[in-house]
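Please read the following report beside the sequence and the structure.

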Amino acid sequence: MFIKECIVSAPGKAILHGEHAVVHGKVALAVSLNLRSYLWLKGTSTCTACINLPNIDTFLSWDLTALKMLLPKSPELKNVNALDAELVRVLRDFVGVSNGNLDTRSMATLAFLYIYLALFAESEDLPSLTVSVWSELPTGAGLGSSAAFSVCLATALLSASGTISTPPRDQDHTAGWSEEELKLINSWAFQGERIIHGNPSGVDNAVGTWGGILRYHSGKITPLRRVPMLRILLTNTKVPRSTKVLVAGVKDKINKFPSVINPVLESVDAISCTCEKTLSEMTSQPITAEHYKVLEELIDINQHHLNVMGVGHPALDHLCQVTLSRGLHSKLTGAGGGGCGITLLRPETDDSVIQSTIQDLRDCGYDCWETSIGGPGVQQHTSLSLKEDVLDVLNRY
């Protein structure tokens, strides 16, 4: 079985507002980052399935005959709404993954093999192919790198199997899919996320699929139809943290001081809703300085609330101080306790201010990128539309 090559990419994600409050039934806004993961799938004649993940120094190959023997006689494999527990168990044994082993390499390998085998289980022969992935996203930073990987995997393998179309490309050599096809991509990407994370919310893979800005409330994910592109600085303090511990800490505070913390959660909910309203206005009327002033004030208020919840960190406080000294407004994004922060950039912000701020943050030992939020979700590319550095990496495999 020979398949055509395809190149796809998917964005990372950040939480704009609603961290931690979302766990307690409040609204959160998740946004796509214009830092992307890129996947190049090539058909081969080697009778092997290969995956190359240079970001994590992983290069693996399996004989198709050995992979075919792993397939259970199960009607559940093509059920996109349920993981096949037997196949997951068999693959864990095959890869040598114990239940407690959650390292990035093992989880990425399991997600690839599961989606590959599930989608081609009913084919007479498994296709011989090589999948190479390069990401601009750091792993383990809460920026949706695993979801971008899962979205790319699902899209490329669905396309290779003929389950979704090969869409016509625009003048910029990129293309997208119909809403029904995007829903299918998202469903398979969610299966990849379930293998990697166990019990994910589905937000990260939805952002990777649709891009833009998503509203998440009590398990319901709603894409905002028209959103402005906003420039930001994304900073990784590189301070490790445990999301589980931080979430538990907020719950403890609510139990100890319900009359104090519950109003804070209500305020964070109002911040998310006010931000959503402001972003909507920015797409339906001329963008003004007042719009940016509102966004900046909401960022400052939310950051204070997150500190009140106990999920701040001195490194994040220092990030906010450094950027505020340049007239820029920042907040943590994600779990907090270290990790990453975002800084809003106005359109008129001078490039010298941006570059000096980036340097100041790097001098603190942080990683910092100038990027944007609200951009497109999963896309198909030709090699002509890829950035030179991405093409250079992917061409090696």
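The expected span of a helix is taken here as 1.5 Å times one less than its number of residues. In this model, which is predicted, helix α4 runs over residues 145-160 and has 16 residues. From its first C-alpha to its last, α4 reaches 22 Å, close to the 22 Å expected at 1.5 Å a residue. Because 16 of the 16 residues of α4 are buried, the helix is largely enclosed by the rest of the structure. Just after α4 comes Gly162, which takes a positive phi of about 80 degrees.

In soluble globular proteins, nonpolar side chains tend to be buried together. Here the largest nonpolar core has 84 residues, of which Leu41, Leu67, Phe112 and Tyr116 touch the most other members. The largest share of this core comes from α3, which supplies 13 residues. Apart from this core lies another one of 14 residues, with Ile254, Leu265, Leu316 and Leu332 among them. When neighbours within four places in sequence are left aside, the contacts of Leu41 include Ile3, Cys6, Leu129 and Val131, and also Ala156, Leu157 and Ala160.

The structure holds four aromatic pairs. In one of these, the rings of Phe112 and Tyr116 have their centres 5.7 Å apart and their planes at 20 degrees, so the pair counts as stacked. Both residues lie in helix α3 (residues 104-120), and because they are four residues apart there, about one helical turn separates Phe112 from Tyr116. Phe112 is buried, as is Tyr116. Together with Trp62 and Phe120, Phe112 and Tyr116 form one aromatic cluster.

| Cysteine | Closest cysteine sulfur | Sulfur distance | Relative accessible area |
|---|---|---|---|
| Cys273 | in Cys275 | 9.9 Å | 29% |
| Cys275 | in Cys273 | 9.9 Å | 1% |

A disulfide needs the two sulfur atoms within 2.5 Å, so the 9.9 Å from the sulfur of Cys273 to that of Cys275 is too far for a bond. With these accessibility values, Cys273 is partly exposed, whereas Cys275 counts as buried.

Notes:
Residues numbered from 1 in each chain as written. Predicted model: local features only at pLDDT ≥ 70, side-chain atom pairs only at ≥ 80, totals over all residues. Heavy atoms only, no water. Helix = DSSP H or I, 4+ residues; strand = E, 2+ residues; numbered from the N terminus. Buried < 20%, exposed > 50% of the residue type's maximum accessible area, 1.4 Å probe, protein only. Phe/Tyr/Trp six-rings, centres within 6.5 Å; stacked < 30°, edge-to-face > 60°. Core = buried A, V, L, I, M, F, W, Y, C linked by side-chain atoms within 4.5 Å. Contact = heavy atoms within 4.5 Å.
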